[in-house]
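Here is a short report on a protein structure. Take a look at the sequence and the model, then read on.

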Amino acid sequence: MGAFIVRRLLMALLVLILVTILVFMVIRFLPLDPITLYVIGTGNMDEARIQFLNHQYGLDRPLYVQYFSWISKVVRGDFGYSLVAKDSVSTLLKQRVPVTMYLGIVSMIISTVVGITIGMLAAIRRGKWLDNIVSPLSVVLVCLPSFLLGIFLIYIFGMKAHWLPFHDLVLPWQNFTLSIRQVIMPAICMSALGLAMNARQMRSSMLEIIRQDYVRTAWSKGLTERIVILKHALKNSLIPVVTLVGMGVGVVFAGAVITETIFSIPGMGRLFVTCIQGQDYIVVQDLALIFGSVILLVNLLVDISYSWIDPRIRYD
Amino acid sequence: MAVQTSQALAVSEIAPRTNELRRFTRVFFKRWVVALGLVILLLVFIAAIFAPWIAPYDPYKIATGGALEQPSAKHWLGTDRIGRDTLSRVIFGSRVALEVGFITVAVASIIGVSLGMIAGYFGGPFYIIIMRAVDALMCFPGLILFMFLSAMLGNGVRNVIIALSIGTIAQYVRVMCGLTLSLKQNDYILAQVSIGAPRFRTMVQHILPNAFPPLIVLMTMQLGTLILAEAALGFLGMGIVPPTAAWGSMVNDSYVYLQTNPWLCFAPGICIFLVVFSFNMVGDGLRDALDPRLRGLL
């Protein structure tokens, strides 16, 4: 077990290094050199200024020097200075990260809790109305582009019914009621895919588990349905769902890009889109690294927690 | 009693002679949604191939009517902000969607399957390098990776295809590597090795054909995913940009008129949904018909 964790950590470190190299190289192959583009954008094409900025950002040094200086700064928490926003990336992140985290946590809670509950109920009431709508509904949600779902929500609940605001997102401690009203639609939009996947996985693993002998024994002891399902069946059927919940973090990041664009929310996803469009390579580079490392970390945790959740799994 | 049971088992173990094709079609069409998916796909293919004859107007012709007209008998889905006919643009959009989907799947699967087979068959350093690179690629959520790559490559159909191909190679490598590892254990591969057959021939003639059913299912489902990804890029204003008639960029283009002209947004959006849905359903049907053991894995 200890050896497994050590080996898994080393592997994750290797992958992390590959991720940083990938991010770094992709940025260096941008079609137009970002500094030139920026100088053109300011109105006067000035060779000396391009050279000055290139020097200031260290872009005239050899690639490997640039790579190591970037890494060593990031490790120390210095993410550099944005070309377009004219602010340090850390400041930008300080404003953006809480918004995305708020939205992401709300939608993770919805997709996990609602998805698992629906999947569980569908499995124990097999063939009833809930079970009959779960599979088609999850197929529809998986295939529905999240921007289309967002647009439908905005059109129906925002523009026609005037029930919910569909612009901006404030944090709960700034204005609680407004914040709750604002988060509903983006959170639905972002959690739909994860909810569908969780419900489907939960239903099939629950169906598998309630056929097991130990569940039959629990029934035959005369235990109530509540105890049989919640105490005996639920825990074991959650094992495959853990992987999906881990994958849900990736879904949240990808969803944030689309959802924050539709609902004009000033979060990390929106920042990523605007910086890619504005060729702000420093911010893009840092954000891509953050997205990649968070997901790497979550995958690592999922893998390690597996052996704790299910002791039958042995690593050798 | 016990004897009878074992006899009954012995008889039922012999598979009845069946016509493979008939069995395939029976299983494939058993679920009505699969058939529905196939019908929708056929319609989309017809629309894409015969677009110039089906579309009532030229999709790029400006001012075939007034700007932002509501749906009417003349323009079934209305017109966009510079008076182009929405229905014609939606019909032509199917061409871009299918083109991107099919070419990307072809490119990504050829590269991915080869790499996966090499990693699985040779093992050792090949396995470590290829699979860790795949892990690194898979650290990024699909859309983020696609955005990242297409920002690097720039806009246009060809660049979107390259970006999506690089972004989806990892899936094929993973699946193919797993398949190769398990197929390698079979006696017929060991027999090949023992007679000293060239490794390239073993891989191409014996491993590849046996890995085909799961790969076909994966490719069909990827078609849906890729069309969705291309549309998402288009919606974000990247990849395939106006004036090309592509569904994603049409939604992006008409999003501001949602309040007054919702069909400008809904029509291309619903097309994306229908095509993705159909590819997924057909993939499901193929999986059940080709190899039901894959249920839950693919």
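The contact between the two chains takes 35 residues from chain B and 35 residues from chain A. Two residues are in contact if their C-beta atoms, placed from the backbone, lie within 7 Å. On the side of chain B that touches chain A, the elements giving two or more residues are α6 (124–138), α7 (142–153), α11 (212–235) and α13 (262–290) of chain B. The residues on that side of chain B divide as follows.

| Class | Residues of chain B touching chain A |
|---|---|
| Nonpolar | 25 residues |
| Polar | 8 residues |

Ala, Val, Leu, Ile, Met, Phe, Trp, Tyr, Cys and Pro count as nonpolar; Asp, Glu, Lys and Arg count as charged; the others, Gly among them, count as polar.

This is a predicted model: local features need pLDDT of at least 70, side-chain atom pairs count only at pLDDT 80 or more, and totals for chains, interfaces and linings use all residues. Residues are numbered from 1 along each chain as its sequence is written, while chains are lettered from A and ligands numbered from 1 in the order in which they are written.

Now take α7 of chain B. In α7(B), 11 of the 12 residues are buried, so the helix is largely enclosed by the rest of the structure. Buried means that 20 or more other C-beta atoms lie within 10 Å of the residue's own, with C-beta atoms placed from the backbone. Among the buried residues are B:L143, B:F146 and B:M152. At 1.5 Å a residue, the 12 residues of α7(B) should span 16 Å, and the end C-alpha atoms are 16 Å apart, which agrees. The expected span is 1.5 Å times one less than the number of residues. After α7(B) comes B:G154, with a positive phi near 95 degrees.

Chain A has 13 helices and 0 strands. Helices (H or I, at least four residues) and strands (E, at least two) are DSSP runs, numbered from the N terminus. Of the 316 residues of chain A, 37% count as buried.

How do two of its helices pack? The axes of α7 (residues 146–160) and α11 (residues 239–262) of chain A come within 9 Å and cross at roughly 30 degrees. That makes α7(A) roughly parallel to α11(A), a term for angles under 35 degrees. At this meeting, A:S146, A:F147, A:G150 and A:I151 of α7(A) face A:G255, A:I258, A:T259 and A:I262 of α11(A). These residues divide into 4 nonpolar, 4 polar and no charged.

How values were computed. Axes fitted to C-alpha atoms, helices over the stretch in contact; angles between N-to-C directions. Parallel < 35°, antiparallel > 145°, perpendicular 65-115°, else oblique.
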